[in-house]
Amino acid sequence: MLMHRAPCLLFLPTMWIVLLWACASIGPPAQVQGAMIASRSDVLKQDNTEVTKSRPMKKRSTNTEKVEVYSFEVACTVTSRFAHTIITSKALNKAANSQEISFEVELPKTAFIANFVMEIDGQNYAGNVKEKEKAKTQYEKAVSKGQSAGLIEVSGRKMEKFTMSVNVAAGSNVTFILTYEELLKRTMGQYEILTRIKMKQPVERFKIAVDIYEPQGLAFVQATTTFASNELLPLIEKTTTATKAHITFSPTAEQHQCLQCPQELINGDFIVKYDVKRVKGFGEIQIVNGYFVHFFSPPGLARVPKNVVFVIDKSSSMWGTKLMQTKEAMQSILNEIHEDDHFTITEFESSNVYWREQLTRATKQSVSEAINYVKSIRAQGGTNINGAVLSAVHTLKKGREEKTFPERSVDMIILLTDGMPNIGTKNIWEIQENVRTAIGGKMSLFCLGFGNYVEYSFLDVMSRENKGIARRIFTGSDAAIQLKGFYEEVSSPLLSEVEMRYPDNAVSSLTETQYSRLFNGSEIVVAGRLNDSFMDNFLVEVSGQGAEGEIHEQGKAGVLSWDMVYPEEEYIFGDFTERLWAYLTIQQQLEKSGIASEQEKDQALAKALSMSLRYNFVTPLTSMVVTKPETEKTFIADKLTEDQRQNVELGRNPPDLNQRKPASNRVQGNAGNPPDLNQRKPASNRVQGNVDGDPHFMIELPDRGDALCFNINDKPGTIYNLVKDKKSGFFVNGQIIGKKKFSADAKNNTYFGRFSVNHQKLGVKLDVSIDDILVFNNGKQIRLKWSDAASIKEASLVLRLTNNCTLTVMLRHSVKFMIIKHTKIWKKHHFQQDYLGFYTLDSHHLSSTVHGLIGQFYHGVEFELTDLYPGEFGERLDAVMYIKGQTLNVTRHLEKDFSRDVKIGKDVLCWFVDDNGKGFIDGSPSDYIVPNLFNF
């Protein structure tokens, strides 16, 4: 259904009216709606043309009542932890004209897409997996013709969204078939299969079927949902035997609707959890078609005591909810720490302070004292990650030397931080080298990155270089649960320095055989190629260190025969061991590339790429290219790493996997002045300068997970220079407007109501007001209304205007920015105010001499915070800021960034500088006043 949206409406004080202009999709199980295209790519073809209303070009809109999605099926077959999922959706165009029909599903972010096919009128159109660079070339050619779109989007913490649409002739059918595969990971003693369902219309034939084949034997199988009512629960059918399970969920079209809420359809997750039986010994080996897989997680192993230093970031950016949730999680963790463990806590900002200088045994008394200490932690200062981690390493080494904890125990550091290093050593590669050298392979480092602004790749590499793992902790009400859950995964080590050995003459092309830790509830998986497909005597040698000392055992692992376990199954998934081996090899080679030398990195990436292409997997090195049959329009499906997912969430350009470290990890610099973080790569200095509201200036600093803001109050008509870069010829001015009911004697809110943008070298000018938008480009002129949906693509200018009142502009090799029109409505007073917001999305191409009210911050700003204390108004936090040689009193404020969410904005915590930004901006506000809007 198409719903027109009243442009840019914001009702105060608390009511939002959101009418969505919706695009079409078929989602799990099915979503079909109209896909309305209003493209204006031709707007600059005529000189001095005025456009006063949106004139959609020829488009294929969809009448959803005339599209019938009559079948949606999810078939998941799990064969020894390797899941092969096929999603099939079928739709019929019942209209008298052709229509766009869309397919939208969500899949786990750990899965690799293996195939995608559209069947239209008996003809198949399949996606082709290509090397990412080659796919990118093809995609960019399509972009230049306006014929392109991405297929994959980030969807929450665990999922990715795949979307595809195609034009279907009247009376014709379309079938979408998506296949993806993944190796299920054992966590906390179970495997999980997740299917996300977001229904937009009832489907006559709907079914989810999960078949599990585990010849080792099933210990338990559970099927649950996050949406099932009492009426739907009986529809989950489960049949299990000793070695297989069959689970189905197949409601009728009528049952898709909630009886108590008939307007709502099924929306949630269908989850299957299970585990396998385990016997003492060397684990389970399965051999199929010349490939083997070995699962190792023997029961009954005693846990190894651990010695852990908790390193907690208490810098100013942790203030508020983050620190509260961290303290809540730490209290739960400490209450569950094992009495044989030793621990201590260090909190850090510019420097670090210990609860106890030495690790202490986890007695009831010490745990109680530690909990009280955690409760007293207060946020303040900068972020000295290097100093804090090196101090923790020293503490563990000293404990070893003084024999304050058992010899047969494992040492680990758990670091929790929400930002980037901005005090002490700040270069991330130098920090990684310092930590790696200090640890020397003798302990594990686990890093928890809290929030969106933490540099996840930095923590990920530092963890994996030191026998640990990194995990993103997402901001939300469940952050404390995430922190506690991570600790539970690593709280019970069973073995360390585990190595699996196999007969040299019998196997080849092995996946990783050395693991630093085996934790309770996890599993080691090794796969490889057999030189002799028939092996009566498969010997395995396992070595490692356990609670009772070193182990070194050799014996015969159990080799299971599929023909004997499943005599009635002709073939379930014949090449599953080979594809499991390929999946695991690719994953491990990608991980290796992040911490290897340059030569090893090249080899690892080459191997991962070759196997991705061979097995038709969409991985971070490959893309699936889909060409729509009726238009030759090119679509591309990419796989994102966790670091790339984070960059997409923040609107950054995803980093290149081939990004090189410096020739030496040790970056040259003065001994007293460690190299700045900004030396590591050009794009690292990310600053977003914004102005919105009445008017609020906000400088966002993602690299340190913080923001600074200030207001300037002046009379309507005043024009300020916002950005001035004489070297590149880029300028932005903004004119202040007041409320329509403006009183000279009262305090009045003011806003920006008009912006002028000029790029002298490119010959581009924009005059953007609350009424309309004027674009001048090389002698051509076009007028747009905010109600238009339009796009312009020229050599030097890319402009997109959407009918949610958002104008996005990219100027070649210069800058990218967004201008948003707001309409604020006071319903009680029958009054409304139109105003504009300006958001800098990318400014790193501008010169180092760029200036202006927000331009002066484009290349970063250094500051420190001290003396944090609760403010006069309770929840607000006051602090002292040292910046530009000035000492300023600042207050923690919550502001809105509408560039991330145009409808309701994204909450951003910032340090507010009062008195018109005095001491924060260069000079005074009057220095930035210009005589007219086009004075550059």
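Figure 1. The protein has 12 helices and 54 strands, where helices (H or I, at least four residues) and strands (E, at least two) are DSSP runs numbered from the N terminus. The model is predicted, so local features need pLDDT of at least 70 and side-chain atom pairs count only at pLDDT 80 or more, while totals for chains, interfaces and linings use all residues. Residues are numbered from 1 along each chain as its sequence is written, and side-chain values use heavy atoms, with hydrogens and water left out. Of the 936 residues, 56% count as buried; buried means under 20% relative accessible area, exposed over 50%, and partly exposed in between (1.4 Å probe, protein chains only). Contact denotes heavy atoms within 4.5 Å. Among contacts with a separation of 6 or more, 67% are between residues 24 or more positions apart.

Figure 2. At the start of α4, a side-chain oxygen of Asn-384 comes to within 3.0 Å of the backbone nitrogen of Gly-387. The buried residues of the helix are Ile-385, Asn-386, Ala-388, Val-389, Ser-391, Ala-392, Val-393, Thr-395, Leu-396 and Gly-399. These buried residues pack against the strands β21 (306–313), β22 (342–348), β23 (352–354) and β25 (410–417), and also against α5 (428–439) and α6 (456–464).

**Figure 3. Ser-391 within helix α4.** Ser-391 lies in α4 and counts as buried because its relative accessibility is 19%. Its side chain is joined to that of Tyr-354 by a polar contact of 2.8 Å. A polar contact is a pair of N or O atoms within 3.5 Å; within protein, one must be able to donate a hydrogen and the other to accept it, and residues adjacent in sequence count only if both atoms are side-chain atoms. With neighbours within four places in sequence left aside, Ser-391 is in contact with Asn-352 and Tyr-354.

Figure 4. Most residues other than glycine have a negative phi. Lys-403, which follows α4, has a positive phi near 55 degrees. This lysine is found in the loop between α4 and β25, and Lys-403 is exposed because its relative accessible area is 72%. Arg-81, likewise not a glycine, has a positive phi of about 75 degrees. The place of Arg-81 is in the loop between β3 (67–79) and β4 (82–93). Arg-81 counts as buried, at 0% relative accessibility.

**Figure 5. The packing of helices α2 and α7.** Two packed helices are described by the angle between their axes and the distance between the axes. Helix α2 (residues 321–336) and helix α7 (residues 479–490) pack at an angle of about 35 degrees, and their axes are 8 Å apart. Axes are lines fitted to C-alpha atoms, for helices over the stretch in contact, and angles run from 0 to 180 degrees between N-to-C directions. The crossing of α2 and α7 is right-handed, a term for the near helix being turned clockwise from the far one by less than a right angle. From α2, the contact involves Gln-325, Thr-326, Glu-328, Ala-329, Ser-332, Ile-333 and Glu-336; from α7, it involves Ala-479, Ala-480, Leu-483, Lys-484, Tyr-487 and Glu-488. The residues of this contact divide into 6 nonpolar, 3 polar and 4 charged. Here Ala, Val, Leu, Ile, Met, Phe, Trp, Tyr, Cys and Pro count as nonpolar, Asp, Glu, Lys and Arg as charged, and the others, Gly among them, as polar.

**Figure 6. Helix α6 and the loop residue Glu-465.** Helix α6 is largely enclosed by the rest of the structure, because 7 of its 9 residues are buried. The buried residues in α6 are Tyr-456, Phe-458, Leu-459, Asp-460, Val-461, Met-462 and Ser-463. Glu-465 is placed in the loop between α6 and β27 (470–473) and is buried, with a relative accessible area of 16%. The side chains of Glu-465 and Arg-436 make a polar contact of 2.9 Å. Glu-465 and Gly-441 are 24 residues apart in sequence, and their C-alpha atoms are 8.5 Å apart in space.
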